Amino acid sequence: MKYIIAIIKPFKLDEVREALASLGVAGMTVSEVKGFGRQKGQTEIYRGAEYSTNMVPKVKIEVAASDGLTPQIVETIQAAARTESIGDGKIFVLDLGAATRIRTGEAGDTAL
Amino acid sequence: MVAHKDMKGFTHMKRMIATAGGMLGSMMLSTAAWAQEAAAAVAETATDAAATAAAVVTEGPIKGSDPAFADAMAGMVDKGDTTWIIVSSVLVLMMSIPALALFYGGLVRTKNMLSVLMQVFMIVSIAALVWVSWGYSLAFTSGNEYVGGLSKAFLQGVDATTLAATFSNNVYIPEYAFIMFQMTFACITPALIVGAFAERVKFTPLMIFTVLWLTLAYFPIAHMVWYWAGPDFLVDAPTDYGKLWGMGALDFAGGTVVHINAGIAGLVGCLIVGKRVGFGKEATPPHSLTMTMIGASLLWVGWFGFNAGSNLEANGLAALAGINTFVATAAAAVAWCIIEQIHHGKPSLLGAVTGAVAGLVAITPASGFAAPMTSILLGFVAAAVCYLFVAVVKNKLKYDDTLDVFGVHCIGGIVGAIGTGIVADPALGGQGFFDYTVFPAVPGTYDMAAQVITQIKAVAITLVWSGAVSALLFYGLKLTIGLRPTEESEREGLDLSDHGERAYNY
């Protein structure tokens, strides 16, 4: 099992979600996050006081998947979230040790 | 029934020229006859008036306690005027709560929102009590040039039949209406100050400061600027007025008394309280410009009560003050955005509403004197000068006037006060001033240069008086019970450390 974390542009969330649903991905966790990479933040000016906000708003998607489905998921997210400009985000894949469905107690791939 | 000679005064008023006969009946006709119009009209009006009320008096003001005057005096109070002053009082209260509280609150960080709302709300409440206890008496009874007496402390001698003068001969409003209207000014002025040291002052010392500052700075300045014997009584008591009124300073609705007074107190306060923890290093952007826009818009609405209400009568001059308040504000908002577009490349909402408030402040002393077109120019100038102080000078000098009380209220107030000397000139379509030393009052001869110098002197006296009193009080409190919360409390936010509540619980 793998744990896939993708940081994407917020407005790309729906496209990614639809693309993953058509792959048969049954669930995901989404959070609104802030961070920075190569993309710089913007400057805000309040009555002449300038604040450069170094953090850019992004959306973080987390998906747990079987080893077999993982390459396709990564490829799908990459295709759906891409705008070809700086700040499109990153995808990380981690090994996932265990998974349990709370309602039934099922474990492993069947819990996903 | 005695006509109390208490009023907020200016040295002008045109339409009352029609009350040449000093007659009851003339009031109904008075709004139609303007000073510039032919003397014949005046004579005609006087004749009509005389016919109406000849049975009571034939010349001179209706005053005194002689029962023969009772009927005539009863007719000196107009229900329209009374209604307008009561409505204006409510509008000005709305300027403090919620308008000013939201305008300021939106500009601080989330953790200090509730503290600003609470400070403004409680200052209003405390100031109202202080006003009826000794404030009204110190401001609007005869004393010396600098402060009134205590003869009406706790409103003794005031009842539903006592009257306050307006700016017209033989036109009065109920004294309670006048007290209530003026009370709202005493409530908002100390509340304006808190913006200068928002996010870093303890609640209790601020409330003590409010009581003392009202007593030592606001009431004396209000007395100096607005107290005079009234149009029907100045003839008999030609030296019964406050110092700045006697100098001939023009302040229609409180440029010196409210804005310069509060603005300089704010600057002194922010210097003595000191900078916020992390000032210049941590970002302190406004937490809700939505709140700020709501607050600024309600300020604009309420300001019609502030300025047009200050006419004390519902007539053409009240309408003039209203339209001037409307267009000067619009002009300043537009000017501020254009300057931002040029300076930063983007017009901002905060800039628009800040410009609007600067325009409101600047038109305040001029609202009943200027013409609409000169009001627009005043709005443009106020926006440019205030922008300079808020966006350039403050950043250069690095004083932490959190919400720009000095840059907007004091500087805008000074622009307005000096500008009043220019726009009031009848040569520019202004209203000039009235000579109340004769009955009925006549238009005075306007000398723009001399008036501007008088305005500058009035500004200087207000700056020195309020600045000195504020410095004394802030230092006194700093050295005794302290003004600042601990650094830990300040970092946590005043909402929790001072009030044990949060503005928002999501």
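**Exercises on chain A of a predicted model**

In this predicted model, helix 2 (residues 70-81) of chain A lies across strand 1, strand 5 and strand 6 of chain A and runs at about 5° to strand 1 of chain A.

**Exercise 1.** Determine which strands of chain A form the open sheet and which of them are its edges.

*Solution.* Step one: the open sheet has 4 strands in the order 2-5-1-6, with antiparallel pairing. Step two: strand 2 (29-35) and strand 6 (89-95) of chain A each pair on one side only, and these are the edge strands. Step three: from one strand to the next, the twist averages 20°. Step four: strand 2 of chain A is joined to strand 5 (residues 56-65) of chain A by 7 bridges, and Lys34(A) stands opposite Pro57(A) in strand 5.

**Exercise 2.** Locate helix 1 of chain A relative to the strands.

*Solution.* Helix 1 (residues 13-23) of chain A lies across strand 1, strand 2 and strand 5 of chain A. Its direction is at about 10° to strand 5 of chain A.

**Exercise 3.** Describe how strand 3 and strand 4 of chain A pair, and state what they supply to the contact with chain B.

*Solution.* Step one: the two strands pair in the antiparallel sense over 4 bridges, with Thr43(A) opposite Ser52(A) in strand 4. Step two: they form a hairpin with 2 residues between them, and Arg47(A) in the turn has a positive phi of about 50°. Step three: the contact takes 7 residues from chain A and 12 residues from chain B. Strand 3 (43-46) and strand 4 (49-52) of chain A each supply at least two residues of the side that touches chain B, and strand 3 gives the most, with 3 residues.

How values were computed:
Residues are numbered from 1 along each chain as its sequence is written. Chains are lettered from A and ligands numbered from 1 in the order in which they are written. This is a predicted model: local features need pLDDT of at least 70, side-chain atom pairs count only at pLDDT 80 or more; totals for chains, interfaces and linings use all residues. Two residues are in contact if their C-beta atoms, placed from the backbone, lie within 7 Å. Two strands pair if DSSP finds at least two bridges between them. Axes are lines fitted to C-alpha atoms, for helices over the stretch in contact, and angles run from 0 to 180 degrees between N-to-C directions.
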